[in-house]
There are 2 protein chains.
Amino acid sequence: MNFMAKIKIKNLKDHLGEVVELDAWIYNLRSSGKISFWQLRDGSGFTQAIVSADDLSEEKFALSTKATMETSVSIKGKVNKHPKKEEYEISVEDFSFYQISEEYPIAKKEHGIDFLMDNRHLWLRSKRQWAIQKIRNTIINACYDFMRDNDFTKIDAPILTPNAGENTTDLFEVKYFDNKVYLSQTGQLYIEAAIFAHGRVFDFGPTFRAEKSKTRRHLTEFWMMDAEMAFTNLADNLEIQEKLLRSMVSAVLEKNKTELELLERDTKILENITKPFYKITHKEAVRILRENGSDITENEDLGGDDETILTKLYDNPIFITNYPAAIKAFYMKRNSEDSTRAECADLLAPEGYGEIIGGSQREENYDTLKKRIIEFGLKPEDYDWYLDLRKYGSVPHGGFGFGLERIVTWICGLQHIRESIPFARTIYRIKP
Amino acid sequence: MNFMAKIKIKNLKDHLGEVVELDAWIYNLRSSGKISFWQLRDGSGFTQAIVSADDLSEEKFALSTKATMETSVSIKGKVNKHPKKEEYEISVEDFSFYQISEEYPIAKKEHGIDFLMDNRHLWLRSKRQWAIQKIRNTIINACYDFMRDNDFTKIDAPILTPNAGENTTDLFEVKYFDNKVYLSQTGQLYIEAAIFAHGRVFDFGPTFRAEKSKTRRHLTEFWMMDAEMAFTNLADNLEIQEKLLRSMVSAVLEKNKTELELLERDTKILENITKPFYKITHKEAVRILRENGSDITENEDLGGDDETILTKLYDNPIFITNYPAAIKAFYMKRNSEDSTRAECADLLAPEGYGEIIGGSQREENYDTLKKRIIEFGLKPEDYDWYLDLRKYGSVPHGGFGFGLERIVTWICGLQHIRESIPFARTIYRIKP
């Protein structure tokens, strides 16, 4: 069997009028007497095959009526164009089944989310889930392109780590031969070590938080891209973040028109991405939130509801700067004008979505950093190697991390983060 | 401070004769009376700065003598070219220190490997380690480019999994709230589910094996790229693998000349990559090995020493096909002409390096696959969702997985895999 000589559905337009061969699945079908219509999918696109008794032997046509939803098939037929639309279809001249599918459990009727998540290995085939993963793929590729074009070297941080990266709660424990270790919450601390060798570095891998909160924004396993830069300040850092997010959204708008239509995503707000992002301080955010009914105070972090209220007021991402230092991580440098505030920014997606990036200037002074570690209830001896980075040629540096699933969820306009990743993990979900 | 206006060492050639500003570390230095030579590194490249008493105030020159190895510095100076070589250097007109480094523990004297691995966060700065990570970065980027150009969609497989992917030994156990789960040994089974939606898919992430064997080829945490293709056979599969590896090696040869020179890598064998790879059966490999002193038999897997002996006989990668089915994974399809053999191939790097890719046709028949699961001592109920893929539109399919660190180790010509990854994890190594 020569699979390589067959064509893909996305290339049908290059073969108008020709007889071609292709492999696909029948994702839907209907028939009326002497003619059947097979809706085909092959991963590259969607098309329709017309199976007519006039074009096939009696025996072959009889076989065609055995087709079921999700049956896999090899087809030979002529490529025709829809008279009015940019759509192509195939008049079948011959076919063979790879496998006639058993009755497909995810039929067209409505299913509950638990049933769909239990059948995630099949649900991924639906057009909507196909579109989400294609957009996720575009975002990943756009990120790699941007990082390469901007001189970032990929430095893969380890997943198995002896200590907490961010905080000592939310840690997953791993039995490591005769010891205990933890799953990484962030690669940031590790990749900071590599800026001294490479200047600009990033990682992009899975991270883990034993989140007990069951919200539409949380997973226990999610993909994070961390970037760190030597010789930088917060202004430069935010400029890089803005350009990176712009490049990812622009790539999706350019390459995934079909997918965005399938998801019925209103792209008007996404198109604002070329405009400068909004920038407000945490204090301003608190003032706006209180005007809109929140009881948040100036020393508190934004809760999930606050993020929803605030970001619904905006039509483009919003940087919130100068958070209270006490609610942020120990490694953040303090603002030079107000030492109770961190030299940091979170980037929130509009339309109610909320935080997608967190970043800051990092504390580069050895004594100050050691003091912070103690103040935050952590042990300096657990961070000996991280403290070393402030002994041997310390430099002003900073970085940021984005949550891939948060970005996919926003760009796709999803209600819940669980659809943004192929196989979601939450407190109650570890299968399939 | 305007960091963005400064230039990078790699761009010095574009500023010949100009006065520029740049930020860097002094990785080495020497001085003789009225003149000092600072060897600089900024992540983008290496250069030399000449600090002369003639060009600086007395006070500034006195300050310059405080410089130590790994001191971080901002420099202003004129760019000059070496009269004979393509090398650029800077005549310093002004400078300031970010931080005068404490005595750097990794000086020029020889250190033992344990000391270097304990100080991995600093060792990464050495030229040799810089070169390895730059090459790793090129390989990663070339892989993403190839997968995109060949219509593969990235599908991130989960790391936290309820069952074994490959075998039930070598599993790391994770406490997951009130349950136990395991760290993924391979993403393959999960991404197989996605071929039905996307045709060609891949993942690229960390995988985990609780390897007790302490060899130069094994890590407990390593990065794997798994690819799966619908509608394929082993011949097509091997063709894709050959093209992928060729594209990665070619990218390194093109983009990392400086790095390969630093590593003193003989590139002659790497340049053979444009020639067709060797292809022999497992039986032939056994015959050759026995002629060369091994006592391997026809039903055994190649051991580490066998891989070393065999691959030293070749000057380009070698596919070994038709392994005994019993020593391979349960999901491999059997060879149609000899059902005791798997329809599979491992790809071995030459020069004594050994296995870098493993791949096979996957068993697509439900009943056969279920039988194999039982034969291999696994429980069908643990693989219910994986078996489902053979019920609903099963198709001929296959795939492969490469170990990133194995490829980096070979291309860089390293003695041991531990240098190929930023922070290696082995049975005795979990820090830093």
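**The A–B interface**

Mentor: Across the interface of chain A and chain B, the rule finds eight salt bridges. A salt bridge here is a side-chain nitrogen of Lys or Arg within 4 Å of a carboxyl oxygen of Asp or Glu. This is a predicted model: local features need pLDDT of at least 70, side-chain atom pairs count only at pLDDT 80 or more, and totals for chains, interfaces and linings use all residues. Residues are numbered from 1 along each chain as its sequence is written, chains are lettered from A in the order in which they are written, and side-chain values use heavy atoms, with hydrogens and water left out.

Trainee: Which side chain does R148(B) meet in a salt bridge?
Mentor: That of D145(A), at 2.8 Å, N to O.

Trainee: Which helix of chain A gives the most to the side that touches chain B?
Mentor: Helix α4, residues 127-149, with 10 residues. Helices are DSSP runs (H or I, at least four residues), and strands are too (E, at least two), numbered from the N terminus.

Trainee: OK, and how many residues are in contact?
Mentor: 102 of chain A with 102 of chain B. Contact means heavy atoms within 4.5 Å.

Trainee: What about strands?
Mentor: Strand β8 of chain A (residues 173-176) pairs with strand β8 of chain B (residues 173-176), antiparallel, over three bridges. Pairing takes at least two DSSP bridges between the strands.

Trainee: Which residue is the bridge partner of V174(A)?
Mentor: V174(B), in β8(B).
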